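Biologist: I would like a close look at one part of this model. Please keep it plain and brisk.

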Amino acid sequence: MSNSILSNRLVKKLTLSFLAILLLAGLGYTIATIYLSNQYFYETTQRLHANLAQDLIDEKFVDASPIDSAGAINKALFGDIMHDMMAVNRAIEVYLLDMDGHVQYSVVLDHNAPETNQKRISLEPIKAFINSKGQNYILGDDPKNLDNKKVFSAAKFNKGEKEGYIYIVLAGEEYLTTRASLFNSYVLKLGLGSLAVTLFFAAILGVLSVWYLTKNLRELVFAAKRFQQGDLEYRIKDAEKSDLAGVTTTYNEMAETILGDIDKIKSVEKLRRELIANISHDLRTPLSIIQGYIETLQMKDEDLSKKERLDYLKTINASGERLSKLIAQLFEYSKLEANQIEPQKEPFLISELANDIHRNYALLAEQKNINLKLEMGKGIPLVFADISLVERAIQNLMDNALKFTPKNGEVIVQITPKNNDVEITIKDSGPGIKQENQALIFERYRQTKTGQRKEGAGLGLAIVKKIVELHNASINVLSKPNEGTSFSFSLPIYQMA
């Protein structure tokens, strides 16, 4: 699946999600608008008609009482009130309440209205309304349905011994019926209008928002395509300042890692070719010598003297030993590089190992007229390492030192205890190594040259480096041209539990 398809799907998902959010917001806005509009209308209606009940008492009850002396309802008076209501506001309903809140009489234009007489209305909202002088938004009981709440106007009357309340519902059943019939149409218009406006702005905001929000993602996809097409140096600029900083910085780091790995692979491949070429050359040389001398023996066997025959056989034997040593080095290095050798660490006396190596190389040094010295004090502590691997590393360094030290030269082996380590140093008085070549001599089969004289030792130093690294240490070289070379590494002192 291509990146463009993935990108298009993401854009579609973001767009649909954004539209869904806006539609829900539009629906919520519509519901809230309708609710708040109702509240606004009812509160406005109550505030405008807050004094309606008191005005009715002041106007109609000046010369007459709603209840006569015999306790009967003055229906003629309420008839006049109904006539005035029809002329002014058909939505209101007027109720006469006693001091306990029971409905004594009602003036309602709806002839099919349920019976309300003797229904008891809660007086708490009425008293609160009167105390606030109609300035607070308060809902009272609906005499037709006590479970409903309506906006109202109320006032207390006192005529002689007759007391009570005039309770006026400002939004009566007829009004609510008419309003309900129009409300559905209003809601439909408001909903469609809100939906249309919402969709319009959603389309614009959706496109702009998706474009803005996916800007960094598009840059990331573009960078990945550039990298895929071979532009390995391309990186996302200011990745740490991006909205997707975690992803973009990780991408840049990943690209750097991949580029580094590619460089390492190229370097390894180059070294592999050099290794094969060098191995082929070094294997060919002793093989050619062996083959040449064997052919000479076969061709001139009867003409050769006993001394010449022995010399030829010694040369063949020396070349065979050289070939065997090279093959052993290759085998040893391949196992070290493949991590197939696990050091078997144990405590041992490095002083005894140094004495043994000094004794073994003394004859060879004497044959080459080289002064071989061993410098170490008494009481050298035990070290904790693999004795066979350490011996192999010191032997390789000794072979290297004796190989490049001229006649009448000097090779010194030093064993020096430090704080928590014992340092092993092999010094020679050979030609030395140039500063720029010192880092190369530990590479596998790397041999640097000055003129015709080799300054490296093939796989020997590479094996030493691997052995030292297996002991979590490093090998150091100190050398200057014509001043000799010094190799050193450290082993940890054995700590008894």
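At what angle do helix 10 and helix 11 pack, and how far apart are their axes?

Modeller: A word on the basis first. This is a predicted model, where local features need pLDDT of at least 70, side-chain atom pairs count only at pLDDT 80 or more, and totals for chains, interfaces and linings use all residues. Residues are numbered from 1 along each chain as its sequence is written, and side-chain values use heavy atoms, with hydrogens and water left out.

Now the pair. Helix 10 covers residues 387–404, and helix 11 covers residues 460–470. Helices here are DSSP runs (H or I, at least four residues), and strands are too (E, at least two), numbered from the N terminus. The two helices pack at an angle of about 150°, and their axes are 9 Å apart. Helix 10 is therefore roughly antiparallel to helix 11 (an angle over 145 degrees). Axes are lines fitted to C-alpha atoms over the stretch in contact, and angles run from 0 to 180 degrees between N-to-C directions.

Contact means heavy atoms within 4.5 Å. Helix 10 contributes residues including Leu-389, Arg-392 and Asn-396. Helix 11 contributes Ile-463, Val-464 and Ile-467, among others.

Helix 11 has buried residues, among them Gly-460, Leu-461 and Ala-462 (buried is under 20% relative accessible area, exposed over 50%, partly exposed in between, with a 1.4 Å probe and protein chains only). Their cover includes helix 8 (306–337), helix 10 and strand 14 (485–492). Just after helix 11, Asn-472 takes a positive phi of about 55°.

Back in helix 10 sits Lys-403. Lys-403 counts as partly exposed because its relative accessibility is 47%. Lys-403 and Ala-365 lie 38 residues apart in sequence, and 9.9 Å apart in space, C-alpha to C-alpha.

How values were computed: Parallel < 35°, antiparallel > 145°, perpendicular 65-115°, else oblique.
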